[in-house]
Amino acid sequence: MLSAAQKQHYSEHGYLVLPDFVDAPSCAVLRERAAQIVDAFDPADASAQFASKENERREDDYFLASANQVRCFFEEEAFDSAGALRHLKEQALNKIGHALHTVDPIFSGFSKNEKLAHIALDLGIVEPQIWQSMYIFKPPLIGGAVRWHQDATYLATTPVSVTTFWFALEDATQDNACLWVAPGGHRGPLREIFEREGEVAAIRQIDATPWPEYSQAIPLEAKAGSLIVFHGLLPHSSKANRSTRSRHAYTLHVTDGRATYSDKNWIQATADSPVSGFV
């Protein structure tokens, strides 16, 4: 699937942009299915309010149970001071997570893709295992900034093997808060780890290396249908979306089954929800 030049680029920079990977009808199907999930979602569930905050400590059942379910999470700015929605729910959500790839037939069908298996193999992932999926809305006007982070923080393996597959379902530009990455930053250390102990999951710092400045990073503008693949140690972020356009995306977080998966990761396979691959 990948050329020698593409493999070299990924090795050196930690990411790869593959334009026109998904056709327009397939993008539309995922957007439509997400809209159906949102339509069925009851925003009166107070436990979902502010659940999109990436705090250092998570102990709400709504979030933790989403490891093996499909749940909607609001943007932090979706509510007024009294806790009432300030926007229509379809314009107020941060994401849907975190088991779309196993629970929902439409997203599962999209995620079971032999082309993705070949790309994974080209990048050295011999036994791909999909642990987490998210539909990200980045809604207009209130789409919150996502701080610098590494995806290996949330799905620890020894050695590090997590790889992110990020599908642009709408055009992602600097205007509507595309991804920013620090090229070559995947050669640096893992800075934080998100671990679960019982009913509490929390981030702790394990390395004091500072996060990149935006002057050291580049924006990854991508047309709808593009696939961005990046290394789990690659620092990345996105700015707030204050434009009038959303920036929908679908993401998969994958590890290599040959690596040891931490029993402290917040997502664990169960008899009812086993881990699966691309095929």
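Ala 177 is not a glycine, yet its phi is positive, about 75 degrees. Its relative accessibility is 3%, so Ala 177 counts as buried. Buried means under 20% relative accessible area, exposed over 50%, and partly exposed in between, using a 1.4 Å probe and protein chains only.

Before going on, the ground rules. This is a predicted model, where local features need pLDDT of at least 70 and side-chain atom pairs count only at pLDDT 80 or more, while totals for chains, interfaces and linings use all residues. Residues are numbered from 1 along each chain as its sequence is written, and side-chain values use heavy atoms, with hydrogens and water left out.

Look for Lys 138 in the loop between E5 and strand E6 (146-149). Lys 138 has a relative accessible area of 3%, which means it is buried.

Next, cis peptide bonds. One joins Gly 97 and His 98, with omega about 0 degrees. His 98 belongs to strand E4 (residues 93-98). Another runs from Thr 158 to Pro 159, with omega near -5 degrees. Pro 159 falls in the loop between strand E7 (157-158) and E8.

Now strand E13. How many of the five residues of E13 are buried? Five of the five, at residues 227-231, so the strand is largely enclosed by the rest of the structure. In a regular strand, side chains alternate between the two faces of the sheet. Here Leu 227, Val 229 and His 231 point one way from E13, Ile 228 and Phe 230 point the other way, and all are buried.

Which strands pair with E13? Two strands pair if DSSP finds at least two bridges between them. Strand E1 (residues 15-18) pairs with E13 in the antiparallel sense, over four bridges. In that pairing, Leu 18 is opposite Leu 227. Strand E8 (residues 163-168) is also antiparallel to E13, with five bridges. There, Thr 164 faces Phe 230.

On to the aromatic rings. Rings of Phe, Tyr and Trp (its six-membered ring) pair if their centres lie within 6.5 Å; planes under 30 degrees apart count as stacked, over 60 as edge-to-face, and the rest as tilted. That rule gives 17 aromatic pairs. Take Phe 21 and Phe 167: the ring centres are 6.4 Å apart and the planes are at 45 degrees, so this pair is tilted. It links distant parts of the chain, 146 residues apart, with Phe 21 in the loop between E1 and helix H2 (24-40) and Phe 167 in strand E8. Phe 21 is buried at 13% relative accessibility. Phe 167 is buried too, at 1%.

Another pair is Phe 107 with Tyr 250. Their centres are 4.9 Å apart and their planes at 45 degrees, so that pair is tilted. Again distant parts of the chain are linked: Phe 107 in helix H5 (residues 105-111) and Tyr 250 in strand E15 (residues 249-256), 143 residues apart. Phe 107 is buried at 0% relative accessible area. For Tyr 250, also buried, the value is 0%. Ring pairs join Phe 21, Phe 107, Phe 110, Tyr 135, Phe 137, Phe 167 and Tyr 250 into a cluster.

Rings can also carry a charge. A charge sits over a ring if NZ of Lys or CZ of Arg is within 6 Å of the ring centre and within 35 degrees of the ring normal. Lys 95 has its charged end over the ring of Phe 73, 5.7 Å from the centre. Arg 191 lies over the face of Trp 211, 4.7 Å from the ring centre.

On a 1 Å grid over the protein atoms alone, a cavity is a set of points where a 1.4 Å probe fits but cannot get out, and lining residues have an atom within 4 Å of a point. The largest cavity has 14 lining residues, and nearest its centre lie Asn 68, His 101, Trp 131, Ser 273 and Pro 274. Helix H4 (100-103) and strand E5 (128-136) each supply at least two of the lining residues.

Note on methods:
1 Å grid on protein atoms, 1.4 Å probe; cavity = no way out; pocket = protein on both sides within 12 Å on 5 of 7 lines; lining within 4 Å.
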